[in-house]
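Hi everyone, thanks for making time today. I'd like to walk you through one structure, so please have a look at it on the screen before I start.

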Amino acid sequence: MPEITLLTRDGAHLEFACAQDENILDAAAAAGLFLPSMCREGSCGLCHAYVAEGAYEMGSFSKDALSDADQAGVLLCRCEPRSDLTVQLPYPQADIQRHEIISREAVIENLAPAGAGAMAVTLRYTPHESFGQAADFVPGQYMELAIPGTNIRRAYSMANLPNWDGRFEFLIRLQKNGAFSTYLAEQAKIGDMLITRGPLGQFVLDDASMRPRCLIGGGCGFAPVLSMLRHLADFQDTQPTHLIFGANREEELFAAGDIDSLRSALPQLGVTLAVWRPEAAWTGFTGTAADAFVQYLETSTQTPDVYVCGPPRLLEAVLAVAHERNIPPERIIAERVL
Ligand SMILES: Cc1cc2nc3c(=O)[nH]c(=O)nc-3n(C[C@H](O)[C@H](O)[C@H](O)COP(=O)(O)OP(=O)(O)OC[C@H]3O[C@@H](n4cnc5c(N)ncnc54)[C@H](O)[C@@H]3O)c2cc1C
């Protein structure tokens, strides 16, 4: 049976066997290595990696699952070995879970519009005798939610704080003809039961760092950033922090009330609301979140820790700016949401 060697970004070597008719993601899970992944059907792109050595075959997958920068890569959910393989993973060992991720039932407690084309969704865990009731996660993490009655799962980042009541708040942008979006827009109702899986993800604050922070959220990528800022407010954090919230149009800048409360709770918080295509009456920053990041760097005296969450184009633009300004890669924590 082919031997697979995974090389993580921080230099770890992890080895396991994988049959020729098995994909690498499943074989890794059988060996107790739960690699970042979601749809398992070649469309979300979360399990992309690079084969450094060896022969393999790829099953069918969506072209959009690999960004322009990742075209040389593979999707591990679709990749079957034809020889021993060495696979380079684009993340550190800490991103690999070593235990099965918890699946639990949760019920929709609230559904409300949240700005143009987005919904605020609140779920609450149904009681479970072994797991208890707490919604235990780190601000910035996400849960996978399955559409009721299907195996279709999508990732959504929590916008709230961990709590004892088992409550999860999400801000979900509705995508035209998207599977989960259509369920939310047309069928979902209070009381629906969903299977959740998580918490997952390493897009979390480095609490030990003393550097200023710049938190950038584009569109629905604002949800985990909001959770992080609520955490900082909860702890009355005093480090200089700047929020950049990027949207295409003013009406997509949801959660304005939350931002006002954060400004009062965190007096050192700077805020740039960046609108790419505003109406004529807009007096705030005009441009993308990456443009606002350039402006922020021009006025900041110290190199910040950068947290960026949003669609691939935003990530690529922000990473390019960070690279030009010599911000070391280890100071950038990024999460791609589409
Ligand atoms: C870690 C992470 C965190 C995330 N957090 C959030 C969050 O907090 N909030 C949020 O709103 N989103 C978040 N997302 C994105 C979310 O997981 C979904 O990708 C998003 O909601 C779209 O899901 P969907 O099922 O509605 O659309 P999908 O069914 O996945 O479709 C997406 C788009 O592709 C199009 N499409 C689908 N199939 C085809 C096809 N065959 N050919 C052409 N086009 C097609 C659809 O029309 C739609 O526009 C996150 C993603 C990740 C990875």
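Predicted model: local features only at pLDDT ≥ 70, side-chain atom pairs only at ≥ 80, totals over all residues.

Let me begin with a definition: when I say that two strands pair, I mean that DSSP finds at least two bridges between them. Residue numbers start from 1 along each chain, as its sequence is written.

With that in hand, let's look at strand 3. Strand 3 (residues 48-53) pairs with strand 7 (residues 85-88) in the antiparallel sense, over three bridges. Within that pairing, Val-51 sits opposite Val-87 of strand 7. Strand 3 is also joined by two bridges to strand 5 (residues 74-75), again antiparallel. There, His-48 has Leu-75 as its bridge partner.

Now the overall layout. The chain is assigned domain 1 (3-95), domain 2 (103-200) and domain 3 (213-336); such bounds come from an automatic or database domain assignment. Between the C-alpha centres of domain 1 and domain 3 there are 31 Å.

In what order do the six strands of the open sheet run? The order is 11-10-13-8-9-12, and the pairing is antiparallel. At the edges are strand 11 (153-157) and strand 12 (167-173), each of which pairs on one side only. On average, neighbouring strands of this sheet are turned by 40° against each other, with direction ignored. For angles in general here, axes are lines fitted to C-alpha atoms, for helices over the stretch in contact, and values run from 0 to 180 degrees between N-to-C directions.

Let me stay with strand 10 for a moment. Strand 10 (residues 142-146) is joined to strand 13 (residues 193-200) by three bridges, antiparallel, and Leu-145 stands opposite Thr-196 of strand 13. Helix 3 (residues 222-234) packs on the sheet and touches strand 10, strand 11 and strand 12, with its direction at about 140° to that of strand 12. Contact here means that the C-beta atoms of two residues, placed from the backbone, lie within 7 Å.

Is strand 11 buried or exposed? Five of the five residues of strand 11 are buried, so this strand is largely enclosed by the rest of the structure. Buried means 20 or more other C-beta atoms within 10 Å of a residue's own, exposed means 12 or fewer, and partly exposed is in between, with C-beta atoms placed from the backbone. In a regular strand, side chains alternate between the two faces of the sheet. In strand 11 both faces are covered: Arg-153, Ala-155 and Ser-157 are buried on one side, Arg-154 and Tyr-156 on the other.

Which residues are closest to the ligand? They are Asn-177, Gly-178, Phe-180, Ser-181 and Cys-220, out of 23 that surround it; a residue counts as near if its C-beta atom, placed from the backbone, lies within 6 Å. Strand 11, strand 12 and helix 2 (179-187) each supply at least two residues of this shell. Domain 2 and domain 3 both give residues to the shell, so the ligand lies between them. By type, the shell has 13 nonpolar, six polar and four charged residues. Here Ala, Val, Leu, Ile, Met, Phe, Trp, Tyr, Cys and Pro count as nonpolar, Asp, Glu, Lys and Arg as charged, and the others, Gly among them, as polar.

Finally, some backbone details. A cis peptide bond joins Gly-198 and Pro-199, with omega about 5°, and Pro-199 is in strand 13. Gln-236, in the loop between helix 3 and strand 15 (241-247), has a positive phi near 50°. Asn-326 also has a positive phi, near 60°, and is exposed, with 7 other C-beta atoms within 10 Å.

Notes. Helix = DSSP H or I, 4+ residues; strand = E, 2+ residues; numbered from the N terminus.
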